[in-house]
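Subject: Structure handover

Hello,

I am passing the structure below on to you. My notes on it follow.

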Amino acid sequence: MISASAALALIAYAWLQFETYARARIDASIALVSRKIGAPINIGGVEFSPSGAQIIDIRIGDESQMVISSLGVEINVNPLDDDFGEIRSVSVADMRIKTPNQRLGAALSPSKGTLGLADRSENVKKLIEKFFSALPSRELSMGSVGITLLASDGEPMLTVQGLKVAIEREHSRVLVKVQEVKTRTGLSEKDLLARFELSPDAHDYRFFVRRKLGPNQNANAWDLTGIMQKDINAAEITLDIHKNPSFLAPLIKDLPFALEELRGHAVIDLRRSEDTWQFTAQVQSQGSTVKIPIISSSSIGPVYFDSQISGSWMPRGQLLTVSAATIKLPDASTKSYGSDPIQIALNGSWQIETQPDTGHVINAHWQLARSSCQTALMAAPPGLLPALAGFKLSGDIAASLDLSVKTRSLSETYFSLHDNLFSCKVDEAPYAYSIERLNGPFSLKRQGSKNAPPVFIEVNPSSPSYTELSRISRYINSTFIASEDASFFHHKGIDPSAIENALRRDLSEQRIALGGSTITMQTVKNLFLTHERTLSRKLQELFLAWHLEQILTKQRILEIYVNIVELGPGIYGVTDASRKFFGKGPDDLNLTEAAYLANLLPSPKIRYRYFCQGRITENFRDLVNGLLKRMVSLRHITAERFLQAVATPIRFNQDARLTAPDCSVKTVDASQSVP
């Protein structure tokens, strides 16, 4: 019988032999991996246990670009098995990678852009095969891994926290979980799950990437699935988005809008030709919401559409081309497309920022197919045309738009809008916009400033602040028309050339600076809309101006306008303005006084300072005389009447000026840039 001490000695010897054998196997595996990846691997030590070994302080690369503090190796310790001593699985924990972005770029593009796509795809295939063949076991797992890639300035370019990877060599599958990933460009995602099937025996690579709404939730914020041919000549990708993915942030960072809520579905088919990807796609918006300050002060959405798109993408030139696209819009309230939805055809290009002076370059041609006017109105998403709710239209509409934009040089913007067909007719309008209300007495509530109480304006001949057009000085009508809208009696509420010039100015200043408004449009703005400077307000203004011209006479529109126009703080209409500034009724104003009132626009609150100071500046007098000269060219007055008017001084009502509470507040200095 073997004594206890002999048994212990035998076990110790066996364990020593096992350690020696296992260490040899580990060293051989490390040497094999080192040869295959072409980088030296150094280890600090090995600690053995009955089930395997723990390798400590592994450093990979000449400059220790990769450091693994602990690596677990499971070894078959059953001497009766044929694979006794073989490595069954490897688990990696607490790995840190730090490398400058130059090395990252070299790794991703070793020939610095000289390789064609075919060469690169072959390199990808070899890299994948090389990777799996280099695995020392059938399974490899990594947990609690952190990765940091540093830029040349030493700042983090990419950080990954909580990376967990499980790799099956036998089935060529990779499962990846990431707690958080961030990049310098703005990408920031959490709770990512990815799976890749990269089998050498299959004809393609299959993968999916998902982001959970949260660590304890089953729903996805977004998920991407795809199949890619091994030669990387073709791929099919499906993307479902229920919450904004941060990987879009770098693409839209310089664009003048924000995605508040992105919900959609896309199926994209890719085919490679040389260095260009051809694509066809079906893209659906399923309730997205956007904020575009230049269009609307309110959020626009939820937006729904269904589109079919074909085009190309050139990675080297960062150029996206849409050769053909069809966009269908449903009824915004019911989300139903119906039998004849709105359809917009589109083609164009998007040159993603390449030069700092131009930014993104977008060229597009839009074509609205012939559609029902009511269908077009109902397709407008919430937040875009709120004032038009309740209108019922008949007739058809069709239009086209050519657009060219450089996001950092908006002054060079080109656009051309054509209404190829406009036969719309209002069959039913809400009472606020009806002929019954607007042709009869009504009241209007205006808010002069945030802190001031609201002002109620009575559009009523019986009101002491209202004067019928026939009782207003003819000079008032002619000066306001010459100043604000010389073609008032010749257009139908809209002056297309003035709007086009205003929009070009707006785009160059990246804001709605000038409105190009006719008197009808200004009347609409004062009656129904806010004074926000957005394209949404302008679109509503255009529609309602067209509507007003259908139901009211020019004389009625002008009468309403001159009785509600703001001509100073809390001063609305020529009746109150005439009394306050000159101490007389609007029927007694002379030509020079009328020209003064007309020139208070478009800055009546700033120009109110002249009344408070009891005098006008030479610059402002030049404006008044310039308007009088314009009236001569328009044949509103004779040259003799002009000479009389420029020689007539402007004298304010001194009693009203000295007692005006507004003038007790410090007024804007006469050197103000607005004359």
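Among contacts in the chain between residues at least 6 apart in sequence, what percentage join residues at least 24 apart? The share is 56%. Please keep in mind that this is a predicted model.

The whole chain first. It has 675 residues, and 42% of them count as buried. Its secondary structure consists of 18 helices and 26 strands. The accessible surface is about 35000 Å², with 54% of that area belonging to carbon and sulfur atoms.

Next, a pair of helices. Helix H12 covers residues 574-582 and helix H13 covers residues 591-598. Their axes come within 11 Å and cross at roughly 115°. Angles of 65 to 115 degrees count as roughly perpendicular, and H12 and H13 are therefore described as roughly perpendicular to each other. The crossing of the two is right-handed. On the H12 side the contact involves Ala577, Ser578, Phe581 and Phe582, which meet Glu593, Tyr596 and Leu597 of H13. Sorted by class, the residues in this contact are 5 nonpolar, 1 polar and 1 charged.

Last, a single residue. Pro302 sits in strand E15, which spans residues 300-314. Its relative accessibility is 35%, so Pro302 counts as partly exposed. Leaving aside residues up to four places away in sequence, Pro302 touches Gly287, Ser288, Thr289, Pro381 and Pro382. Gln286 lies 16 residues from Pro302 along the chain, and the C-alpha atoms of the two are separated by 7.9 Å.

Regards

Notes: Residues are numbered from 1 along each chain as its sequence is written. This is a predicted model: local features need pLDDT of at least 70, side-chain atom pairs count only at pLDDT 80 or more; totals for chains, interfaces and linings use all residues. Side-chain values use heavy atoms; hydrogens and water are left out. Axes are lines fitted to C-alpha atoms, for helices over the stretch in contact, and angles run from 0 to 180 degrees between N-to-C directions. Helices (H or I, at least four residues) and strands (E, at least two) are DSSP runs, numbered from the N terminus. Angles under 35 degrees count as roughly parallel, over 145 as roughly antiparallel, 65 to 115 as roughly perpendicular and the rest as oblique. A crossing is left-handed if the near helix is turned anticlockwise from the far one by less than a right angle, and right-handed if clockwise. Contact means heavy atoms within 4.5 Å. Ala, Val, Leu, Ile, Met, Phe, Trp, Tyr, Cys and Pro count as nonpolar, Asp, Glu, Lys and Arg as charged, and the others, Gly among them, as polar. Buried means under 20% relative accessible area, exposed over 50%, partly exposed in between (1.4 Å probe, protein chains only). Accessible areas come from the Shrake-Rupley method with a 1.4 Å probe; for residues, only the protein chains shown count as cover.
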